Amino acid sequence: MTEKQEARPQQEILTIRDFKGFFHNHILWPEPYPEGSNSPTDDGVHSIEELTKLFAKNGYRYFGISPHNYPTPKDVKRLRAEVTKINEQDLGIHLFLGIEANITHQGELAFPPEILRPLDYIIGSLHFWDGRQQNRQESTKAVVEAIKSGWVDIAGHLSHATYAFGVRREPMDIDFETVCQVAKEKEVVVEISLKRFAIPQMAAIERQRQLLIAQAIEHQLLVTFDYDLHTIKGDFQRDRLPRQVSTFVNFGGKKENVLNTWPIKKIHSWLEFRKSQR
Ligand SMILES: [Zn+2]
Ligand SMILES: [Zn+2]
């Protein structure tokens, strides 16, 4: 061993014990919803309090909820009040308020600034809610445009696409190299999805995740590993975290580039900085 090699500090290897929190989680909300309104806001099955307590009990330090929809700015205020109330309970975990905003076929986020601005973070994900598929070029362009808009903090589940309100899932046909280049320029975090679907296409989705992990490492992007949690039993307990972490480590991924391992103080400053840039 040369002197130079000896002097180099050993790089810390990422393990699942390094994880301090998650950002992509769905809730049962609203409950109850104001009289006369039938707009769905999210499709999780657990209350915010139930999820927060579960993650606190498992030793996590922060937890973010990311509903699909806020029909009006008043709904953001309402949920913010609930989040503040939970944070005041001193559960040993900090709760963040985000959104999983849909990226439209045209590459826009489906929400106006008055909804997005007060949120702690914005996950932008491409879904084909209308069931219309895009080709590789269209999907790449849509995600690139959304990232360039400056609103997206985390690019959600680039490895798979969801069709027609969750009816169908397919591997996403998208140019990871181009998307990762733009994510690097805009300092956007790329999500490695931990979601598992009991569908024949799951093997192809896993292959896409591996390609995404490789590209994210090559571009030295910040990444987040996230459950996209809708149900505890289906998403959190059938845990894909060890598998994706070992892929990340085997491909040469560095712990410092994993957002979920950052201490809460660093997460706060990162989010404050992103917010100031909106
Ligand atoms: Zn989604
Ligand atoms: Zn989601």
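**Before you start.** You are looking at a predicted model, in which local features need pLDDT of at least 70 and side-chain atom pairs count only at pLDDT 80 or more, while totals for chains, interfaces and linings use all residues. Residues are numbered from 1 along each chain as its sequence is written, and chains are lettered from A and ligands numbered from 1 in the order in which they are written.

**Stop 1: the whole chain.** Show the cartoon, and you will have 10 helices and nine strands; these are DSSP runs numbered from the N terminus, with helices being H or I of at least four residues and strands E of at least two. The radius of gyration is 18 Å, close to the 19 Å from the globule rule for 278 residues, so the chain is as compact as a globular protein of that length. (That radius is taken over C-alpha atoms, and the rule is 2.2 Å times the number of residues to the power 0.38.) Along its principal axes, the C-alpha trace spans about 75 × 45 × 40 Å.

**Stop 2: the core.** Select Ile122, Val143, Ala155, Leu158, Val190 and Val223, the residues with the most contacts inside the largest nonpolar core, which has 67 residues. Such a core is a set of buried Ala, Val, Leu, Ile, Met, Phe, Trp, Tyr and Cys residues joined through C-beta atoms within 7 Å.

Zoom in on valine 190. Beyond four places in sequence, its contacts include Ala155, Leu158, Cys180 and Leu212; a contact means C-beta atoms, placed from the backbone, within 7 Å.

**Stop 3: two helices.** Next, pick helix 6 (residues 176-185) and helix 7 (residues 202-218), whose axes are 10 Å apart at an angle of about 40°. Axes are lines fitted to C-alpha atoms over the stretch in contact, and angles run from 0 to 180 degrees between N-to-C directions. Where do they meet? Phe176, Glu177 and Cys180 in helix 6 face Leu211, Leu212, Gln215 and Ala216 in helix 7.

**Stop 4: threonine 178.** Stay in helix 6 and click threonine 178.

Definitions and conventions
A residue is buried if 20 or more other C-beta atoms lie within 10 Å of its own, exposed if 12 or fewer, and partly exposed in between; C-beta atoms are placed from the backbone. Two residues are in contact if their C-beta atoms, placed from the backbone, lie within 7 Å.
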